[in-house]
Amino acid sequence: MSVGIVMLVHTAFDRAEQVALHWAKGGCPVVIHVDSAVPRASYNAFRERLSQTPGILFSKRHRCEWGTWGLVAASQDASELMLKSFEEVRHVYLASGSCLPLRPVEELTSYLAERPRTDFIESATTADVPWTVGGLDHERFTLHFPFSWRKNRMLFDSFVELQRMTGYKRHIPNGIIPHMGSQWWCLTRQTLSAILGDPERRRYDAYFKHVWIPDESYFQTLARVYSTQIESRSLTLSKFDFQGKPHIFYDDHLQLLRRSDCFVARKIWPHADRLYDAFLTDPNRAMSRQEPNPGKIDCIFAKAVDRRTRGRPGLYMQSRFPNYGWENGVTAGKYSVFQGFSELFIDFEQWLARATGAQVHGHLYAPERAEFTGGQTLINGALSDNARLRDANPRAFLTNLIWNTRGERQCFQYGPRDNPQILWPVSRDPNAQISVISGAWAVPLFKSNANFADIRAEAARLQKVESRMLDTLRSPDVKARIRIWSMAEFIESPMEPLQVIIDEIGQKSLRRLAEAPRLEDLTGFGQFLQNLKNQGMHPYLMGDFPVDPAPRNSRGTTRKPYLVKK
């Protein structure tokens with residue numbers, strides 16, 4: 001006999017009974033503490049069922065509320081009873097009623113017999129622990145905590161703040177340095193008896209009664225005083241989420257628990273029949289004699305925390321949605337936005353689709369409708385081309401489109417006429433590739449047959465809108481991949497920027513473009529811009545276009561240039 005088990009039980013008595021019998025059958029004496037909040041009838045029935053089993057005792061009951069002294073007092077009394085009643089015990093293992101042995105009992109006893117002087121208790125100074133949640137690390141040892149954090153949170157917080165304001169600090173007893181760690185330890189008889197029989201115990205107990213969450217600091221601190229050999233780790237597998245709440249293990253965690261090679265795990269769901277059957281009653285449950293290594297599964301828990309706190313890229317959930325910047329990626333995949341290309345080139349969408357294999361849309365945020373590829377009215381995810389539905393939440397429209405077409409690159413056109421509310425979300429999206437030919441909006445006006453006074457007014461409006469758009473795209477907070485060319489700069493050598501854009505989309509293997517899209521006929525465009533200037537509107541976003549010389553007819557006489565309609 002080398003290992004004694006102290007069990008703290010407050011619920012799921014059928015499972016606690018099953019585990020206690022398992023320990024006793026393996027040759028380990030068991031001392032059980034039952035929370036005094038448990039009704040007397042339930043306690044008596046539980047005790048009656050185990051009273052006939054040799055090696056199982058019950059200790060004095062205490063009220064065990066989370067974060068209070070009762071948990072330490074329960075551990076003290078149960079440990080004293082263990083040491084007094086079972087003199088052969090060399091190690092005392094503290095567990096809860098929701099703990100489950102993962103390896104045969106004889107493996108644990110053999111492991112500890114090979115390490116008779118080693119205490120297994122997580123014990124680190126307050127400066128070295130990353131898991132304190134709630135903003136109290138060293139202060140938990142220097143302030144008073146007379147109010148329950150769970151039941152009287154307002155009083156708890158107010159009293160802490162009052163002590164901070166007045167500069168109040170408690171005196172830490174001489175001879176100890178506060179340490180913290182997991183509540184679940186395995187201590188040698190020598191260390192545990194030294195802690196419980198210390199002449200200064202009354203003073204230490206009086207101090208720790210007013211420490212916040214003393215079950216994570218009492219034994220962890222005093223073990224440093226008396227132990228000759230500490231391994232600062234727990235033999236119990238216990239994982240906590242980002243809020244400090246324990247992970248609960250269910251039936252589908254069976255293989256995960258096996259991989260950990262740990263001796264004990266908590267917290268087990270009481271109805272996880274498959275786990276209890278596999279580890280307590282399955283004759284083939286024996287595991288290899290491996291060193292306990294919870295680090296084997298740490299990466300899985302890290303992914304779980306990341307999924308819970310950040311979610312999947314481009315997929316929103318209610319806990320993060322209202323908070324600006326909390327999303328894990330604005331969208332789920334890379335996409336391209338083109339401004340001015342469909343105005344400058346004939347059938348640009350069809351050409352881009354052939355060149356890249358991507359799904360190329362028209363102006364998704366056009367005032368009339370969302371111009372899906374092929375003239376579709378519905379697309380993946382039942383997204384409608386209805387402008388009112390789209391504009392109710394332009395950002396959600398985009399994120400839904402990218403999410404529902406994962407694996408296929410999306411491209412769409414954008415311009416000064418389109419809904420401006422989407423520009424900022426797109427510009428701060430690292431997945432976005434934005435290519436702009438500034439001033440290309442003037443080409444449709446140039447080709448129109450409208451009254452020139454109306455053309456001038458519309459040109460002034462569109463230039464003002466695009467100027468604001470360019471300011472947004474040049475903001476230092478922008479995260480998208482952005483390229484901006486003036487129209488004059490672009491058409492001087494269009495193949496090079498087009499090649500760069502195609503290569504970056506990368507849907508097909510890199511190759512040189514065999515052909516460029518057809519450029520709109522811009523004969524007379526320079527004169528058109530000059531006419532706008534003559535009417536008092538200065539079109540500066542296009543770059544410098546020379547005024548075209550008057551074209552001549554076949555007889556060598558001068559034809560009339562672009563006429564201004566008045």
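Buried here means under 20% relative accessible area, exposed over 50%, and partly exposed in between, with a 1.4 Å probe and protein chains only. Helices (H or I, at least four residues) and strands (E, at least two) are DSSP runs numbered from the N terminus. The model is predicted, and local features need pLDDT of at least 70, side-chain atom pairs count only at pLDDT 80 or more, while totals for chains, interfaces and linings use all residues. Residues are numbered from 1 along each chain as its sequence is written, and side-chain values use heavy atoms, with hydrogens and water left out.

In helix H13 (residues 348-356), the buried residues are Phe348, Trp351, Leu352, Ala355 and Thr356. They lie on the same side of H13 because they cover an arc of only 110° around the axis, the arc being that of the directions from the helix axis to the C-beta atoms. Among the elements that cover these residues are strand E13 (335-339), strand E15 (359-363) and helix H20 (495-505). Just after H13, Gly357 takes a positive phi of about 80°.

Strand E19 (residues 432-438) is mostly covered, with seven of its seven residues buried. Ala432, Ile434, Val436 and Ser438 point one way from E19, whereas Gln433, Ser435 and Ile437 point the other way. Two strands pair if DSSP finds at least two bridges between them, and the pairings of E19 are set out below.

| Strands | Sense | Bridges |
|---|---|---|
| E13 and E19 | parallel | five bridges |
| E19 and E20 (residues 481-486) | parallel | six bridges |

Within these pairings, Tyr335 has Ala432 of E19 as its bridge partner, and Val436 stands opposite Ile484 in E20.

Key:
Contact = heavy atoms within 4.5 Å.
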